[in-house]
Amino acid sequence: MLLEGKVAIVTGASRGIGRATAVELARHGASVVLNQFAVADGGSAAGEEAYAEVRAVGGEAVLVDGDVADPATGERLVEAAVAHFGRLDIHVSNAGICPFHAFLDMPVELLRKVVDVNLEGAYFTTQAAARQMVKQSEGGAIVAISSISALVGGGMQTHYTPTKAGVHSLMQSVAIALGPHGIRCNSVMPGAILTDINRDDLTPDKLEHFSQRIPLGRIGEPVDVARCVVFLASGLAGYVTGASLLVDGGMFVNLQ
Ligand code: NAD
Ligand code: RM4
């Protein structure tokens with residue numbers, strides 16, 4: 001129970017890493033505003049499942065639909081936190097997309113969409129959360145889900161990897177801007193985690209290749225990342241800000 005009495009927002013909480021993070025935050029005592037974007041999910045079933053999972057571990061929760069690329073969504077998420085739970089202590093900027101595509105014929109609209117959701121979405125929601133935390137004057141914790149892709153390239157991810165580097169850079173800058181308010185800002189860099197974002201890309205051959213490359217011998221699971229978000233959001237990380245935590249089973253260092 002590292003987060004008893006705390007109130008958290010998680011963007012893109014309907015599936016994958018966001019859903020696992022919402023569940024782990026709740027398991028540690030936090031009340032959670034779950035953001036879903038039903039348009040991206042083809043309906044609200046996934047968001048409702050996530051809501052039920054959070055409730056099943058005993059967490060208070062509220063589900064709010066909205067596209068993080070719309071600046072108004074961040075404000076609505078904060079309003080929901082305050083209306084339902086009275087305050088906001090933790091913001092997890094997780095929502096992200098990676099529609100794998102080659103570089104030379106990258107459609108302009110696809111590039112812009114990935115930047116809008118991944119980078120601007122992180123910016124707008126973080127800004128809205130920070131405004132509320134500053135108003136409360138009791139500090140807070142912001143965690144952005146960056147990626148190992150902030151550190152390494154991907155030939156089919158030329159629209160995506162710069163947004164993940166950008167999200168980490170955003171946390172470094174806001175750590176400075178918000179440090180005087182006692183608000184800590186960090187990023188988590190997951191390696192290869194099996195979710196809907198890469199289910200098609202991770203063919204059996206590629207999965208086998210990754211498992212060989214990863215010193216811990218397996219692909220990651222959403223909960224592996226979620227537990228690290230809990231740590232960074234909690235008082236255990238009280239002197240950690242502007243940092244990144246690589247959660248990749250050792251894949252990055254296994255170069256030779
Ligand atoms: P996922 O596809 O399972 O989940 C993505 C979530 O974001 C879903 O809940 C989806 O509804 C939501 N979403 C998509 N567009 C949205 C929008 N416009 N507004 C609000 N929500 C939106 O994928 P995931 O792997 O859980 O990805 C979560 C985050 O983790 C992403 O930022 C991704 O870049 C990052 N990440 C994933 C991996 C991996 O290997 N899976 C590795 C590194 C980083
Ligand atoms: C991550 C990383 C993973 C990839 C996903 C889509 O940031 O690059 O390897 O599967 O994105």
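Modeller: Go ahead. Around ligand 2 sit Cys98, Phe100, Ser147, Ser149, Gln157, Tyr160, Gly191, Ile197 and Asn198. Keep in mind that this is a predicted model, with pLDDT of at least 70 needed for local features and 80 or more for side-chain atom pairs, while totals for chains, interfaces and linings use all residues. Numbering runs from 1 along each chain as written, chains are lettered from A and ligands numbered from 1 in written order, and side-chain values use heavy atoms, without hydrogens and water.

Colleague: What makes a residue count as near a molecule?

Modeller: One of its heavy atoms has to lie within 4 Å of the molecule. The residues listed for ligand 2, Tyr160 among them, are the ones around it.

Colleague: Why is the pair between Ser149 and ligand 2 called a polar contact?

Modeller: A polar contact is a pair of N or O atoms within 3.5 Å; within protein, one must be able to donate a hydrogen and the other to accept it, and residues adjacent in sequence count only if both atoms are side-chain atoms. A polar side-chain atom of Ser149 is 2.6 Å from a ligand 2 oxygen, so the pair qualifies. For the side chain of Asn198 the distance to an oxygen of ligand 2 is 3.0 Å, and for that of Gln157 it is 3.1 Å. Ligand 2 alone exposes 300 Å², of which the protein buries 89% (Shrake-Rupley, 1.4 Å probe; for residues, only the protein chains shown count as cover).

Colleague: Which classes make up the shell around ligand 2?

Modeller: There are 4 nonpolar, 5 polar and no charged residues. Nonpolar here is Ala, Val, Leu, Ile, Met, Phe, Trp, Tyr, Cys and Pro, charged is Asp, Glu, Lys and Arg, and the others, Gly among them, are polar.

Colleague: And what about ligand 1?

Modeller: Its shell has 13 nonpolar, 12 polar and 5 charged residues. An oxygen of ligand 1 is 2.7 Å from a side-chain N or O of Asp41, and a backbone N or O of Asn94 is 2.7 Å from a ligand 1 oxygen. The side chain of Asn198 has an N or O atom 3.1 Å from an oxygen of ligand 1. On its own ligand 1 exposes 830 Å², and the protein buries 96% of that.
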